[in-house]
Amino acid sequence: MRRTKRVRQLLWRWRSNPLRRHDDLVEAWVVLAIWLVMAIGGTLTGLLTAHAADASFARLRHERHPVRAVLVASKAQAVGVGADTPYDRVRATVRWTTTDGSTRTGQAMVDYGHGHRVGSRVVVWLNSKEQLTTQPPTASAAAAEAACLGVAAAVAFGGLAFAAGRVAQWRLDQRRYDQWGREWDQVGPQWRRKTT
């Protein structure tokens, strides 16, 4: 009995009622549509975003590969970064050999603090064009980042849908206020007391 009453209270806008106006019914459908758009559209947007981000990270892992390089010069030595530095990577000049046998030199971020001095071997990452690039995210880091991006996209989509719904409700409220004003202008004079 109590549950039936609660359901009837939630669905009051759809019930036949002499006090219900057309705008009340429109608002009920707008609210229902917005909640459906937020739930279904937000979920789909989040899933598609997460899938696209995961595919992008997988492509990065496929395109990039590590190579051994020789440390030529390190910015850590130039600026006096010591063993107590809070940074675990520093920019350094490295030299590596490409797959065709040519030698190249360039700037890369390398691990610091493992006894890397000029002449020591380090690992750098190259893209498909044999250019220095950053290390791609690991599979677990990529999955976590893709999930975060998916959640952010779902929340953003839901926020936009909610904002659109609030604008529609605001417009309906304005129409109701205008209608109430017009009705009061018609009925109000009849309620005023006549003084003679």
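A contact here means heavy atoms within 4.5 Å. With that rule, take contacts between residues at least 6 apart in sequence: 61% of them join residues at least 24 apart.

Some ground rules. This is a predicted model, where local features need pLDDT of at least 70, side-chain atom pairs count only at pLDDT 80 or more, and totals for chains, interfaces and linings use all residues. Residues are numbered from 1 along each chain as its sequence is written, and side-chain values use heavy atoms, with hydrogens and water left out.

The overall layout comes next. The protein has four helices and five strands. Both are DSSP runs numbered from the N terminus: helices are H or I with at least four residues, strands are E with at least two. The order from the N terminus is α-α-β-α-β-β-β-β-α. Of the 196 residues, 25% are buried. Buried means under 20% relative accessible area, exposed means over 50%, and partly exposed sits in between, with a 1.4 Å probe and protein chains only.

Now T98. T98 sits in the loop between β2 (89-97) and β3 (103-111). Is T98 buried or exposed? Buried, because its relative accessible area is 6%. The T98 side chain has a polar contact of 2.2 Å with the side chain of D100. Another, of 2.8 Å, goes to the side chain of S102. A polar contact is a pair of N or O atoms within 3.5 Å; within protein, one must be able to donate a hydrogen and the other to accept it, and residues adjacent in sequence count only if both atoms are side-chain atoms.

Leave out residues up to four places away in sequence, and T98 touches R104 and E130. E130 is in the loop between β4 and β5. E130 is not a glycine, yet its phi is positive, about 65°. E130 counts as buried because its relative accessible area is 13%.

On to strand β3, and T105 within it. T105 counts as exposed because its relative accessible area is 53%. Setting aside neighbours within four places in sequence, T105 contacts T93, V94, R95 and W96. Between T105 and A69 there are 9.3 Å, C-alpha to C-alpha, with 36 residues of separation in sequence.

Next, the pocket. A pocket is found on a 1 Å grid over the protein atoms alone: an open set of points with protein on both sides within 12 Å along at least five of seven lines, with lining residues having an atom within 4 Å of a point. What volume does the largest pocket have? About 150 Å³. Volume is the space filled by probe spheres set on the points, which are joined across faces, edges and corners. The lining includes R89, R91, M109, W125 and Q135. β2, β3, β4 (121-126) and β5 (132-133) each give two or more residues to that lining. By type, the lining has six nonpolar, four polar and two charged residues.

Last, aromatics. Rings of Phe, Tyr and Trp (its six-membered ring) pair if their centres lie within 6.5 Å; planes under 30 degrees apart are stacked, over 60 edge-to-face, the rest tilted. The count is one aromatic pair. Y177 and W180 form it, tilted, at 5.7 Å centre to centre with 55° between the planes. Both lie in helix α4 (residues 139-191), three residues apart, about one turn of the helix. Y177 is partly exposed, because its relative accessibility is 47%. W180 is partly exposed too, at 40%.

Key: 1 Å grid on protein atoms, 1.4 Å probe; cavity = no way out; pocket = protein on both sides within 12 Å on 5 of 7 lines; lining within 4 Å. Nonpolar A, V, L, I, M, F, W, Y, C, P; charged D, E, K, R; others polar.
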